[in-house]
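Colleague: Put the model up on the screen, please. I'd like to ask how you know what you say about it.

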Amino acid sequence: MMQKKVCMLGGFAVGKTSLVRRFVTNVFSDHYHTTIGVTVEKKSVTVGAHDVMLVLWDLYGEDEFQRVRDSYLRGSSGYILVMDGTRRATLDTAISLQETAARTIGAVPFVSIINKADVRPEWEIDEPAVEQLRERGWPVLLGSAKLGQGVEELFALLATQMISAPVLPGD
Amino acid sequence: MSSDPRRPRSDSSSSEGRASVEEDWTQLRTLLLAPEQTQLDELRDRLDNREIQPRDVSRVLPEAFAIRGERDQEMSSVLAPYVENGFVAAVRKSPRAIVDAIAPIMGPAIRQAIARALQSMMQSFNQSLDESLSLRGLRWRVEAWRTGRPFAEVVLLHTLRYRVEQVFLIHRETGLLLHHVATDATVVQDQHVLSGMLTAIQQYVRDSFGASQDQTLDQFHVGDWTVWIEQGSHAYVAAVIRGTPPASLREDFRAALDDIHAQQADALTTFAGDAAPFKTTQIHLESCLQVHYEAPPRSSALKLWILGGAVLLALSWWLLTVYQTHARWSNLLDELRAEPGIIVTVAESTWGGYHLEGLRDPLAKDPSVLVSEAGFDSSTVKATWSSYYALDSLLVATRARSILQSPSTVKLTVEGDTLVATGSAPTEWARETKRLATFVPGISHYRDESLVTTSIPDLLTQINQTVVHFSPGSSTVEQGELTALSSVAAVVRQLDQAAFQSGQRVALEIRGSADETGPESINMQLSKARADAVRTVLGGERLGEATTITTDIVPGAKRRPLNGNSADRRVASLHARLVQEGKEISPP
């Protein structure tokens with residue numbers, strides 16, 4: 001079976017761990033737990049005729065105090081950028097993280113998701129902002145780890161992109 | 001020739017001439033272009049018939065597979081379901097053929113797996129056996145009982161010096177698992193997640209301490225486990241080890257990793273997530289699954305045997321003692337039950353000693369004597385006896401003799417509930433016994449028809465008539481006199497008994513005398529010797545408790561011939577009388 005390393009990137013408390021847990025174990029918890037360092041999970045998905053094992057590196061959220069380390073990104077076949085729709089600043093963090101990832105591991109596939117669609121009225125990220133992201137070439141999904149919306153699609157989309165992407169030689 | 005239509009005729013029209021030319025051209029074209037025409041016809045047929053001919057496909061199929069296979073994995077994905085279905089159908093249709101085909105592969109693999117399982121089981125069994133009887137083994141048995149783990153596992157853990165339980169081959173950059181091996185007894189968690197975490201931990205530690213890329217985390221400890229990490233250029237080996245491994249083990253890991261890098265150089269360089277090529281690293285990783293146990297010291301085996309022997313001896317001795325004690329106790333109970341006048345109602349054996357309860361006739365044998373004779377300490381046997389009258393004939397007879405104070409000349413026997421007296425007895429005793437006999441417990445009737453009764457005066461007369469004759473100058477009782485003296489002795493004893501019962505005493509005087517020949521002094525000595533000789537024959541002091549025997553001599557002046565014969569003076573005569581509280585009763 002093909003294995004792919006995938007990094008979960010995003011600002012502090014945007015819901016990276018919740019998305020992973022919803023995806024891997026189909027469980028959501030309202031209790032917030034800060035990820036210290038990295039938590040690794042895995043789940044197999046099927047893309048066409050391919051079975052792919054996604055090894056998910058759930059990295060701690062980036063904020064003004066700690067930056068995501070390049071070493072965690074190395075070797076990733078793809079990554080997921082997670083934003084919190086209720087906090088506009090997480091979009092900027094995502095853009096910054098995408099630039100860091102592109103610089104570190106090159107043009108590997110990625111998808112982005114704006115989380116917390118279950119509280120859509122409270123969103124600070126509006127449609128124009130989403131459109132701007134799409135104009136940058138970002139695949140953008142709107143979803144909710146709490147409701148399970150868009151989660152399967154998120155990982156399936158990334159898996160499809162990784163399978164169809166040409167294999168680039170390592171550094 | 002004129003019949004040939006293709007040949008022009010001289011009288012034919014112009015149209016016919018043209019036709020002839022056409023035919024010629026056709027013929028010429030056929031002659032010149034026949035092969036090409038055939039090829040053109042075939043090409044036309046192929047273009048007209050769009051269906052692909054199997055023969056054509058068969059020519060290009062292998063090459064097509066090879067070309068597409070080099071490009072991507074699509075061919076494998078497409079073919080996989082058909083291959084699977086075909087295989088399933090083949091198995092159903094002809095399982096024997098499949099078995100024959102895979103037997104050469106599966107056979108060695110199964111044998112190897114069984115051999116490893118047996119080896120592991122035997123190792124565990126041997127370790128358990130070695131430690132099963134030692135003091136340490138007992139301590140581990142308690143630990144096994146306390147922790148709920150199998151004893152064999154506890155033994156293995158304690159005797160284990162080190163054991164490599166899992167080996168991971170992990171791609172260095174991605175942290176993805178390339179291959180993994182583990183021992184049979186190891187509980188394997190999710191090795192893919194663990195591989196990722198191991199990689200993340202290394203990067204975290206390196207980043208946290210600002211270490212460079214070539215400074216790596218080589219090992220860490222978790223409880224009983226040590227994780228050793230050996231880095232390679234593209235992959236690293238992480239070994240999970242229980243116990244304390246020797247430094248030389250790392251050399252083995254290094255060698256295995258170098259071999260893998262040498263053999264899988266291309267696969268490692270181009271690794272993009274497909275770990276299938278690394279299955280061939282199994283043999284290298286399995287070589288790292290090493291285990292080493294403490295060799296049991298030889299002395300411990302000797303100690304074990306000595307200890308085992310001592311325990312066995314002690315156990316045997318204890319069992320023998322218990323058996324002997326039990327046998328002695330059983331014999332004692334049998335003896336007590338067989339003893340007349342003793343009835344055992346309770347006999348218990350406890351940790352502290354023994355307990356006996358029962359009934360005992362006062363005339364029965366003392367049970368404590370039987371207990372001592374059986375070898376038991378009287379302090380360990382607590383006995384409680386209640387008194388009762390036993391009706392055993394032996395005891396009834398004893399009781400009758402005790403109560404009735406029968407003389408030794410009387411024999412008392414018990415027949416059923418009847419007391420029978422035989423022998424001889426004083427008249428007074430016979431009369432008193434007839435009155436008292438039925439009061440003895442166990443006696444209802446009394447018979448004495450065979451009892452000879454004599455009165456005290458008769459007895460005194462019989463004694464006082466006794467004269468023992470001696471040869472001249474001799475003080476030896478002659479053979480003929482001995483029989484008579486033995487009868488007299490019985491009469492004296494009878495008198496003694498009768499006197500005792502009546503509270504009197506018997507004073508028996510034996511008087512010796514000599515004839516007148518010879519000097520007086522010699523005769524006096526001879527007289528004294530003759531009296532002593534008769535006294536000795538009568539039994540001396542043993543005649544009875546109530547009898548006092550004295551000897552005397554008859555002085556010469558008082559000697560008188562009994563029958564006017566000097567032989568009548570070479571005698572010893574007996575003189576008995578009753579004495580009561582200082583008052584002498586003269587013989588009749």
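Colleague: Which residue just after α17(B) takes a positive phi?
Modeller: That's G539(B), with a phi of about 115 degrees. Bear in mind that this is a predicted model: local features need pLDDT of at least 70, side-chain atom pairs count only at pLDDT 80 or more, and totals for chains, interfaces and linings use all residues. As for names, residues are numbered from 1 along each chain as its sequence is written, while chains are lettered from A and ligands numbered from 1 in the order in which they are written.

Colleague: What makes a stretch a helix or a strand here?
Modeller: DSSP runs decide: H or I over at least four residues gives a helix, E over at least two gives a strand, and both are numbered from the N terminus. α17(B) covers residues 520-538, which is 19 residues.

Colleague: How do you know that the reach of α17(B) is close to what's expected?
Modeller: The expected span is 1.5 Å times one less than the number of residues. For α17(B) that comes to 27 Å, and the first and last C-alpha are 27 Å apart. α13(B), residues 393-404, passes too: its 12 residues should span 16 Å, and its end C-alpha atoms are 16 Å apart, so the two agree. After α13(B) comes Q405(B), with a positive phi near 50 degrees.

Colleague: Which residues of α17(B) are buried, and what do they pack against?
Modeller: Buried means that 20 or more other C-beta atoms lie within 10 Å of a residue's own; 12 or fewer is exposed, in between is partly exposed, and C-beta atoms are placed from the backbone. In α17(B) the buried ones include N523(B), L526(B), R530(B), V534(B) and L538(B). The buried residues of this helix pack against β14, α16, β15, β16 and β17 of chain B. In α13(B), the buried residues include L395(B), V396(B) and L404(B), and their cover includes β10, β11 and α14 of chain B.

Colleague: Why is K116(A) called buried?
Modeller: K116(A) has 26 other C-beta atoms within 10 Å, so it counts as buried. This residue lies in the loop between β5 and α4 of chain A. Most residues other than glycine have a negative phi.

Colleague: And why does A13(A) count as partly exposed?
Modeller: A13(A) has 16 C-beta neighbours inside 10 Å, so it counts as partly exposed. A13(A) sits in the loop between β1 and α1 of chain A, and it isn't a glycine either, yet its phi is positive, about 60 degrees. Over the 171 residues of chain A, 44% count as buried.

Colleague: What makes two strands a pair?
Modeller: DSSP has to find at least two bridges between them. β4(A), residues 78-84, and β5(A), residues 110-115, have 6 bridges in the parallel sense, so they count as a pair. On that pair, V82(A) stands opposite I113(A). In chain B, 7 bridges join β7(B) to β8(B), running antiparallel, with V346(B) partnered by E357(B).

Colleague: In what order do the 6 strands of the open sheet in chain A come?
Modeller: β2-β3-β1-β4-β5-β6, with mixed pairing. β2(A) and β6(A) stand at the edges, each with a single partner strand, so one side of each has no neighbour in the sheet. Neighbouring strands are turned by 25 degrees against each other on average, direction ignored. α1(A), residues 16-25, packs on this sheet and makes about 45 degrees with the direction of β2(A). The axes are lines fitted to C-alpha atoms, for helices over the stretch in contact, and angles run from 0 to 180 degrees between N-to-C directions.

Colleague: What about the sheet of 3 strands in chain B?
Modeller: Also open and mixed, ordered β7-β8-β9, with β7(B) and β9(B) at the edges.

Colleague: How many residues of chain B are in contact with chain A?
Modeller: 19 residues of chain B, meeting 22 of chain A. Contact means C-beta atoms, placed from the backbone, within 7 Å. α3(B) and α7(B) are the elements giving two or more residues to the chain B side, and α7(B) has the largest share, 8 residues.

Technical notes
Two residues are in contact if their C-beta atoms, placed from the backbone, lie within 7 Å.
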